[in-house]
Amino acid sequence: MSEIGTFILDFQTTDFGSDEKIANDFIAGLQSACQLENQYALDPPMERAGWAFAKLFFAGQFVERIYSVNSYEIDRSKGKKFEDKFINWLASQLKNRGCTAQIKAAPEMKQF
């Protein structure tokens with residue numbers, strides 16, 4: 001696998017407070033398990049028409065470590081490209097914990 005760059009994801013929800021807590025708790029747990037610090041960020045949201053739109057950033061090194069621990073599950077996720085599989089795996093993990101946010105690759109990420 002070639003070196004992975006920063007993942008930039010759109011995090012869209014109608015319940016930012018609750019979904020932010022679920023996402024931060026899960027991702028912080030992954031980060032701790034990978035023995036890393038400061039490898040992700042969830043920006044404050046812009047709010048429009050009842051929706052909150054935020055950016056979620058993952059450092060490439062963090063994505064690589066998450067993959068090394070969860071490769072079987074990630075490889076079995078929906079998608080043709082690694083990025084799609086990883087994002088679908090992450091969305092599924094958050095949904096299983098009660099997060100209602102929609103997560104997808106941000107247009108900025110697709111430019112790389």
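## Exercises on a predicted model

The buried residues of helix α3 are F82, K85, F86, I87, W89, L90, Q93 and L94. The model is predicted.

**Exercise 1.** Find which elements the buried residues of α3 pack against, and compare the helix's reach with the expected span.

*Solution.* Start with the extent of the helix: α3 covers residues 82-96, 15 residues in total. From first C-alpha to last, α3 reaches 21 Å, close to the 21 Å expected at 1.5 Å a residue. Next, consider the spacing of the buried positions. An α-helix has 3.6 residues a turn, so residues three or four places apart point the same way. Then take the contacts: the buried residues pack against β1, α1 (16-33), β4, α2 (60-75) and β5. Finally, look just past the helix, where G98 has a positive phi of about 95°.

**Exercise 2.** Work out how the side chains of β1 are divided between two directions, and which strands pair with β1.

*Solution.* In a regular strand the side chains alternate between the two faces of the sheet. In β1, F7, L9, F11 and T13 point one way, while I8, D10 and Q12 point the other way. Both sets are buried. For the pairing, β4 (residues 51-58) is antiparallel to β1 over seven bridges, with F7 opposite F58. Strand β5 (residues 102-105) also runs antiparallel to β1, joined by four bridges, and here Q12 stands opposite Q102.

Methods:
Residues numbered from 1 in each chain as written. Predicted model: local features only at pLDDT ≥ 70, side-chain atom pairs only at ≥ 80, totals over all residues. Heavy atoms only, no water. Buried < 20%, exposed > 50% of the residue type's maximum accessible area, 1.4 Å probe, protein only. Pairing = 2+ DSSP bridges. Expected span 1.5 Å × (residues − 1). Contact = heavy atoms within 4.5 Å.
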